[in-house]
Amino acid sequence: MVSMPPVYALPAATAWRHGVGPPRTVPDRPARRRPAPRCAHYAGRVSNPSPVSPVQAAALAAGALPPVEEIRPGVWTLAVPFRGGVPDATLVYVVAGDDGSLAVIDPGWSDGGELDVLTTGLRQIGRAVEDVTLIAVTHLHADHLGAAAALRRRSGAPIAMHPAEVHALEHARADAEQNERDARTWGVPDDRLDGVLAVWGSGRQLGQGTVEAPFADLELEDGDGLPIAGRDLRVLWTPGHTGGHVCFVDEPDGLLFTGDHVLPRINSGIGLGGRTDSNPLRDSLDSLAALEPFAAFEVCPGHEYRFRDVVSRARTLAAHRDERTRHVAGALDALDHPTVFEVASRVPFSGGIESMSGYLLASALSQTVFHADLLGRADELRLA
Ligand SMILES: [Zn+2]
C-alpha cells in the first residue's frame, strides 16, 4: 500500500489553527461513530479494489490519459493532467441537468488558466466551456480547484466549495507562519530543517497562483443539494485530507464522487489543507466511517479509476491508520519524552523517515503529532 501523500498534493497547512504544537485536547464529535475494524485483519487480506472502468485502468497502466466516458445518462468523466504529468491526472466529472445546465465536479489543474483538455473533452460530448453553469469542488488542492477560476471567467458559472476551504485559502499566510513555528519544535535535524520549512512554512502556497477571490460563490455545507436541475446530488462533508473536503452523493444514479477522500490505490494523506481546530486524523477516521451507507455505490474518485465496495476500501485505510497509531504508541512507550522526529523515526513510513525530505518529511512528522494526540499522549512529546 502506498502510505505517503501523493506527489500531486500541494504543499499545504496541517495541524491546528490555535497554539504552537499539538493541542492538549481534541473536541469530541459525537455525531459519527466509526466501526472498529482490526488493523491486521483488514490490512492483511484486502487488496486494492478492482476497477469498474477497464479503459481507465488500462490508461493508468499505460501512462496515458483515459478517454471520455459516459458513466450514466448525462454523467461523464474525463481526465486532466496535473502539471503536465499524465500519471497524476485528475478525473473530472460532468453532470448535465435536464434544463441544459451543466455542472463540472473538480475541473482539475490549470497552470496558466488554459482549459484545453477540458475544452476538448466537453466538445466530445457536444458541449462547450461556456455551457458550464456550476463548478463544484471537493477540496482546495490545485489538482482539483486549479482550473476553477479560469473556468468561472469563461463561463460565468459559480464556484461551490465548503466554507472551511474558503477559510483556509483566506488564511493561508497566517497558517503557513504558524506551521513554520510548529515545525521548528519537531526536533528535525538541522540539515533537513530548511527543506521542511521551505514547503511547510512561509514558503507554502495553497493555490499556486491559480485561485482568485472570491474563492467560492456558493458555500457547500453537509447535506446541501447541488443546484443541477433534475438531479439529486448531495454534499457529504468528509474532513481529513483537508478540513473542508466534501464528497458528492448521487443516490438516484448510485454514484459517490469521493475526490481524494478515498482513492482505489493511493492513501491520499491527512491534514493537508488549512489548520483546523480538530485533529485531522480523528476527522479522517470519522469520514471513512461515514461511507458505510454507500457500499453499493459506484465510486468516482479524483484520481486513478472508478471502483466499487467503498466500505472495504475505507476500512483498509482506517486499519492502516490504526496501525500507524500503534507504532506511535510503541515509540512513546519506548522513549522518554522524545521529539516528534524521534517518534517518527520508529514509525515504518514508506521508505523510512531517513529517506524523506521536504514535503514528505513534513507530512510524516505532522501525522506523527496527530497520532500522538489521538492517543491522548501529545504531552509526552518534547517540543524543541
Ligand atoms: Zn488530488
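**Helix packing and burial in the predicted model**

The buried residues of helix α9 are P280, L281, R282, D283, S284, L285, S287 and L288. The model described here is a predicted one. With eight of its ten residues buried, α9, which spans residues 280-289, is mostly covered. The elements that cover these buried residues include α10 and α12.

The contact of α9 with α12 was examined next. The two helices pack at an angle of about 75°, and their axes are 8 Å apart. Since angles of 65 to 115 degrees count as roughly perpendicular, α9 and α12 are therefore roughly perpendicular to each other. On the α9 side the contact is made by P280, L281 and R282, and on the α12 side by F370, H371 and L374. By class, the residues of this contact are four nonpolar, one polar and one charged.

The C-alpha atoms of R282 and D373 are separated by 9.4 Å, although the two residues lie 91 residues apart along the chain. D373 is part of helix α12. Because D373 has 25 C-beta neighbours inside 10 Å, D373 counts as buried, the cut-off being 20 or more.

Helix α12 also packs against helix α10 (residues 310-334), at an angle of about 80° and with the axes 9 Å apart. This pair is therefore roughly perpendicular as well: α10 to α12. The residues that meet are R324, T325, V328 and L332 in α10 and T368, H371, A372 and L374 in α12. They divide into four nonpolar, three polar and one charged.

Another helix pair is α7 (residues 172-183) with α8 (residues 190-200), which pack at an angle of about 160° with their axes 9 Å apart. That angle makes α7 roughly antiparallel to α8. The crossing of α7 past α8 is right-handed. N179, E180 and A183 of α7 and V196, L197 and W200 of α8 make the contact. Four of these residues are nonpolar, one is polar and one is charged.

On the scale of the whole protein chain, there are twelve helices and eleven strands. Of the 384 residues in the chain, 52% are buried. Among contacts between residues at least 6 apart in sequence, 71% join residues at least 24 apart.

The largest nonpolar core contains 113 residues, of which V92, I135, L151, A160, F248 and L256 touch the most other members. Helix α12 (residues 358-374) supplies the largest share of this core, ten residues. Apart from its neighbours within four places in sequence, F248 is in contact with I105, A136, L226, L233, R234, V235 and F257.

L151 is one of the buried residues of helix α5 (residues 148-155), together with A148, A149 and A150. These buried residues pack against β4 (102-105), β5 (134-136), α4 (142-145) and β6 (159-161). Just after α5, the phi of G156 is positive, about 80°.

In helix α6 (residues 163-170), H167 is buried, because 20 other C-beta atoms lie within 10 Å. H167 and G244 are 77 residues apart in sequence, and their C-alpha atoms are 9.0 Å apart in space.

Backbone features in loops were also recorded. The peptide bond that joins A213 and P214 is cis, with omega about -5°. P214 is located in the loop between α8 and β7 (218-219). Two residues other than glycine with positive phi are described here, D309 and H337. For D309, phi is about 60°, and the residue lies in the loop between β11 (298-301) and α10. D309 is partly exposed, with 17 other C-beta atoms within 10 Å. For H337, phi is about 45°, and its place is the loop between α10 and α11 (340-344). H337 counts as exposed because 11 other C-beta atoms lie within 10 Å, where the cut-off is 12 or fewer.

Key:
Residues numbered from 1 in each chain as written. Predicted model: local features only at pLDDT ≥ 70, side-chain atom pairs only at ≥ 80, totals over all residues. Axes fitted to C-alpha atoms, helices over the stretch in contact; angles between N-to-C directions. Helix = DSSP H or I, 4+ residues; strand = E, 2+ residues; numbered from the N terminus. Parallel < 35°, antiparallel > 145°, perpendicular 65-115°, else oblique. Left-handed = near helix turned anticlockwise from the far one by under 90°. Contact = placed C-beta atoms within 7 Å. Nonpolar A, V, L, I, M, F, W, Y, C, P; charged D, E, K, R; others polar. Core = buried A, V, L, I, M, F, W, Y, C linked by C-beta atoms within 7 Å.
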